[in-house]
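Biologist: Hi! Could you walk me through this one?
Modeller: Happy to, here it is.

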Amino acid sequence: MTAETFEILFFTELAGLPVFDLKHRRIGHVRDAAIVPLIHPARIDRFLVGGAGSSWLSVRYDQIATISLDGIQLSNERLYPYHSDEYMLRIQRDLLDQQIIDVNGRKVVRVNDVTFEVRRDERESLAVLEVDVGVRSIFRRLMQGAAPRRLVRNLQRAIPPSSIRWEFCSIVEADPQRRLRLNISHDKLEDMHPADLADIVEELSPADREAIIGTIDSEVAAEALSEIDPKMQASILENLEPEVAADIVDEMAPDQAADALGELEDETSAEILEEMEAEPVTDVKELLEYDEDTAGGMMNTEAIVLPEATTLAAAMDQLRAHEDLLENTHVLFLSGAGGKITAQVPLARLFLAAGDTRLKELATGRLISTRPDEKQKRVTELFDKYNLLALPVLEEDGTLAGVITADDVITVLRKK
Amino acid sequence: MPGFASRWKRHLLVFLAVLGPGFITAMVDNDSGGILTYSQAGARWGYLPLWTLLPITLALIVSQEMCSRMGAVTGKGLSDLIREEFGLRITFLIMLLLVLANLTNVIAEFSGVAIALDLFGISKFISVPIVAAFVWFLAVKGNYDRVEKIFLFACSIFVVYIIAGILIKPDWKQAMIYSVKPKLMLDGEYITMLIAMVGTTIAPWMQFYQQSAVVEKGITAKEYRESRVEVIVGCILTSVIAFFIIVACAGAFRDHPANIESAKDAALALKPFNQYATLLFSAGLLNASVFAACILPLSTAYSVCEGLGFESGVNKRWNEAPIFYWLYTLLIVVSALTVITPGFKMVKMILLSQVLNGMLLPFILIFMILLINRYSLMKEWVNPRVYNFVAWATVVIVIGMTMALTAITIIHRNDT
């Protein structure tokens, strides 16, 4: 057969490939291949070669001259016996058959095979190009060693491919020390939408869940955690270090923080509350007092309340000061004598009015409000009847206890 | 005292939530295969097979407990674990066997439907397609969770067997003696029936279903103790019902032991209920069959897709999880078509499917034992020695019975 040039090699082809020394004697077969992520993120740095004996040899990438479907030709014979190396990410042992996260496709997948790119510089080397999932790679795995490599390669072409580029793969590793040695970070996950990340986290095993939530940026973790089923939230928080859990709960909206902590054992939630910063703690503690299926249990304590007489220009300054609240704010509340809430102003109205307008003039007709002990069902009815985006929850003295927003109502409705 | 009330409520909720998987699996265990196998055992062999119930219950508790423990500790399904620890080829083989066995089980469930409704004069050409469509839509489009409670509640109809078993005035002395006195015979039919009894009580699919259900419910190693109680109670309940079905049938057929050839034969066990006997039998069989028919195809599709790494889940769309939906749909369609084939021997098929379950069981058990003894997976939750003993004994005994049956069949063929 003429020497064919080929650009890719599958791991199923690499496994079992004979390895020849300088005198073209066969010294063994490839048993596994490993990346050393601290040195290079994709290059196969070591080939583990097994011979007749029980011990394996370790071949470095720069000791290889050529790689083809017929075998690997060495350029150097100073080989060392392989003994377990913690800095290696081994393809067969650590990657094949395991779950990884496809950051681009936003799902958890199982690795069937790995595709290498064959690089030709002064020597031939392999770099991980794609991780293969789907029927095509299953076929290769089933045929591996049972049929000649070239035949399998030709037959599998009939099946549509399904692969994920290596740079979009995120490996999940629960052991923090190993994560460090293998240079695994969960950074890539931080760019995903928190809701997508939540879906992925729900699919993983508890240990992997905790590893991800505990290592990513606490703000992202908080957002993702808010989207996860409350019972699962609780079990994740429970198993994190209290300081780590507190950092995350700090970043959550007080109502969601209260929901999450409410699911925990009293002891654990006290531990976390202790570690939290002072200001959110009081809010969260107050919210924890309310029964879950009342208005108090649904509401959020974060809201912007301004005196009735405030001018629009002054209000705008106030809003700038509360920038962090804006994402979930749809209305401003106006307070009269004694802090009593008297009216609400939809945020959108501020854009159209002149700077010296008093907020009172922009208020909507009648103020719809509710009490903290109102039943959940009644609250959803109010939202439906009056087409509300936000509903103030007032204490008996008329001051603001909290706000229920439409997304809280949707969550409640979805649970039924 | 809202604190006290809510805490009490939460404990109740935890218990109810945990009450799910083990109990449901135990109830589904008495499906059409279960009812007819136990009926056949009692009708043909009287009290003789009663002794098997004690060891079978023990093996059932051990296997179900192992699955629950694996699910709670690892947070992964059984097919996930087999794939991660034993690779693709073994997973593929097991999934192939599981699909085959479960296909015959689904055929058995639809046969149960056909038989039950035939007693009311509804032709199988009408009943089976309608139920098949109902089952398909319920999981894919409907709200299975709500219907599950109806099924569970309807399972209480099995009480009629307990009443019948008492009203029929069985020979309690004999029944008690044979409950503890092992009776072995090198008779092909007898051994076949013993294998079927093991297979129907400890069905391979149950192991996968139970473990997934535990994972799905998010039961963690911490809450696991409550779950264990529920598993044991469920298993004992299954066996109590089995005991009374056998006793009722043994009583009904005491003067002329015979094979169960039709639904009318099996309904004889309930003859103390006079004119209601047929109605009760048919209602019980219908509920059991439809309940299991809802769970089996779905659980099979989930197990296979998890193990082989395909997208799965009824919350995905058809083009997102094509293999999952095709497998699910084909299992239902092929089974329904098989049952409505003119001249298809339904009762025989139901019994045969349970024999197949029994023959496949040891192989699943072997993998379960290997997995649950891996310290890297289970940590301090690895199998206690007693569990290993019971599980291995089950493997050896069932394989032994299968080999004995094969030998007897071959010898008989040579004789004639």
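Modeller: Keep in mind that this is a predicted model. The largest nonpolar core has 137 residues.
Biologist: Which residues have the most contacts inside it?
Modeller: Those are B:Phe110, B:Ile245, B:Ile246, B:Ala248 and B:Ala269.
Biologist: And where does the largest share of this core come from?
Modeller: From H4(B), which gives 18 residues.
Biologist: What does B:Ile246 touch?
Modeller: Leaving out residues up to four places away in sequence, B:Ile246 touches B:Tyr38, B:Ala41, B:Gly42, B:Pro49 and B:Leu50.
Biologist: Let's switch to the chain contacts. How many residues of chain B are in contact with chain A?
Modeller: 15 residues of chain B, and they are in contact with 15 residues of chain A. On the chain B side, helix H1 (2-29) and helix H4 (78-118) are the elements that give two or more residues. The largest share, six residues, comes from H4(B).
Biologist: What about the classes on that side of chain B?
Modeller: There are four nonpolar, seven polar and four charged residues.
Biologist: New topic: which residues of helix H7 of chain A are buried?
Modeller: A:Leu197, A:Ala198, A:Ile200 and A:Val201, in a helix that runs over residues 194-203. They lie on the same side of H7(A), because they cover an arc of only 165° around the axis.
Biologist: What covers them?
Modeller: The cover includes strands E10 (99-102) and E11 (107-110) of chain A, along with helices H6 (187-190), H8 (206-215) and H9 (218-226) of chain A.

Technical notes: Residues numbered from 1 in each chain as written. Chains lettered and ligands numbered in written order. Predicted model: local features only at pLDDT ≥ 70, side-chain atom pairs only at ≥ 80, totals over all residues. Contact = placed C-beta atoms within 7 Å. Helix = DSSP H or I, 4+ residues; strand = E, 2+ residues; numbered from the N terminus. Nonpolar A, V, L, I, M, F, W, Y, C, P; charged D, E, K, R; others polar. Buried ≥ 20, exposed ≤ 12 C-beta atoms within 10 Å, placed from the backbone. Arc of directions from axis to C-beta. Core = buried A, V, L, I, M, F, W, Y, C linked by C-beta atoms within 7 Å.
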